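Hi,

Here is the structure I said I would pass on.

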Amino acid sequence: MIQNPYAHFLDLLEKPARYIGGEHFVQVKNWERAICKVALCFPDTYEIGMSHLGMKVLYQEINQYADLLAERCFAPWIDMETHLREKKLPLVTLENFKPLKDFDIVGFSLQYEMSYTNILNMLDLGGIAVWAKDRQENDPFVIAGGPCATHPEPLAPFMDFIVIGDGEEFFSQITRLVGQMRLEKKPRQEILVKLSSIKGIYVPALYDTEIDEMSGLEVVTGPKAEYLGISQYPVERYFIESLKNYPFPTKSPIPHMTAIFDRFSVELSRGCTEGCRFCQAGMIYRPVRERSPRDVIDMVMEGIKEGGFDEASLTCLSTADYSAVTPLVVELLDRLSKDNSTLGISSLRAYGLDKKVFDKLAEVKNTSLTFAPEAGTQRMREVINKNVSEEDMMQTAEDIFSRGWQKMKLYFMIGLPIETDEDVIGIMDTER
């Protein structure tokens, strides 16, 4: 058995289950046989990161190949960080308990800007130079991906390269390329130059920047002179044309402790047709790509069975826009009810769902449904292109409460451009 380097003080931690590994469906592969080793790092705590669907996808994508290896690492809580620094122990992964500095690639998921400082802290705890310019020839390549990778400049000085777009199809290709070139003893710089020619990869060190006169901000102006014609410019987002060839994982590691989302989730579709002006995700995940209803049903039923969950969830930017949402939800609820399981549906508009869906959801006694009007006045909703009227919300409320629901959750935002006090007060008026 592999010895956990934290075993002698786990009992002193607030939540030791965050650091023990060994979960059901975990993949502990032979370290020596892998030509490239990847640490998939989530810059937040275990229970948050274990709910992240993107990490599950990449974990499966890399580990399906015998010669590649992916392991997980999460940001330690304050009590663990204190012990690591006092005892001079490195931050390690949960599979082979290897320090981050021992990997070929250390990749971070950029989900929200408030986690950026956690990335620097994890690098430091993992024994890796924080600044990209300070890394030596055999140090890991520190990379990032995820929704915030579409505007990467705040983290550019700390990253060797950044992956922009969907990762399923080409992340394993990137991993194998890095591993093969390292086996061939290629210089670090040569590997980075090669990567910079691949669609969806941005290598900050190969590009010039200057201060924009109008905004006063530092902007990228193009590849350095010696890389013209080699490094792509502008860097294009990589996206997969169909989700059909990338089934959602049904055997991901099951958390030892209750995760933030303690259910089996399936990505129903990617992209959105709505075009809300405040929504980053609606822009960066275009075009819309849907999974087939039959594939979704098969994945949900297998995931529920394999993971022992009593709830499944369909996730996407706008569930009501899925072309087969009504027959899909009706069949899923029928099948899940036979196993005493239920279905959660996220990201609903305040209109557009067939009444058959409400009827079927009411049969399984869901405690609440969640909708997102986003703004409290019609004026503000029109500004942000949120196509929801007061009449839509009232009709939806009628459809819900008349079927026995006790709660209707509404999502709103404050701080939108050109917002007035009346728009904020309108949120309270809407909830009345």
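**What I found**

The lining of the second largest pocket is made up of 11 nonpolar, two polar and seven charged residues (Ala, Val, Leu, Ile, Met, Phe, Trp, Tyr, Cys and Pro count as nonpolar, Asp, Glu, Lys and Arg as charged, and the others, Gly among them, as polar). This pocket is lined by 20 residues, and Ala132, Ala156, Pro157, Pro204 and Ala205 lie nearest its centre. Its volume is about 370 Å³. Both α6 (188-196) and β7 (207-211) supply at least two residues of that lining.

Before the rest, some background. This is a predicted model, in which local features need pLDDT of at least 70 and side-chain atom pairs count only at pLDDT 80 or more, while totals for chains, interfaces and linings use all residues. Residues are numbered from 1 along each chain as its sequence is written, and side-chain values use heavy atoms, with hydrogens and water left out.

On terms: pockets and cavities come from a 1 Å grid over the protein atoms alone; a cavity is a set of points where a 1.4 Å probe fits but cannot get out, a pocket is an open set with protein on both sides within 12 Å along at least five of seven lines, and lining residues have an atom within 4 Å of a point. Grid points are joined across faces, edges and corners, and a volume is the space filled by probe spheres set on the points. Helices (H or I, at least four residues) and strands (E, at least two) are DSSP runs, numbered from the N terminus.

Now the cavities: there are two of 30 Å³ or more. The largest has a volume of about 80 Å³, and its lining includes Tyr6, Tyr19, Leu91 and Val92. That lining divides into 10 nonpolar, no polar and one charged. The second largest cavity comes in at about 70 Å³, with four nonpolar, three polar and two charged residues around it. Helix α2 (residues 53-63) gives the most to this lining, with three residues.

Of its 76 residues, Tyr6 and Phe161 touch the most other members. Strand β1 (residues 36-42) provides the largest share of this core, six residues. Beyond its neighbours within four places in sequence, Tyr6 has contacts (heavy atoms within 4.5 Å) that include Met80 and Leu84.

Lys88 follows α3 and has a positive phi, near 55°.

Finally, which residues of helix α10 (residues 355-363) are buried? They are Val357, Phe358, Lys360 and Leu361. They cover an arc of only 165° around the axis, which puts them on the same side of α10. Lys356 and Glu363, on the other side, are exposed.

Cheers

Note on methods:
Core = buried A, V, L, I, M, F, W, Y, C linked by side-chain atoms within 4.5 Å. Buried < 20%, exposed > 50% of the residue type's maximum accessible area, 1.4 Å probe, protein only. Arc of directions from axis to C-beta.
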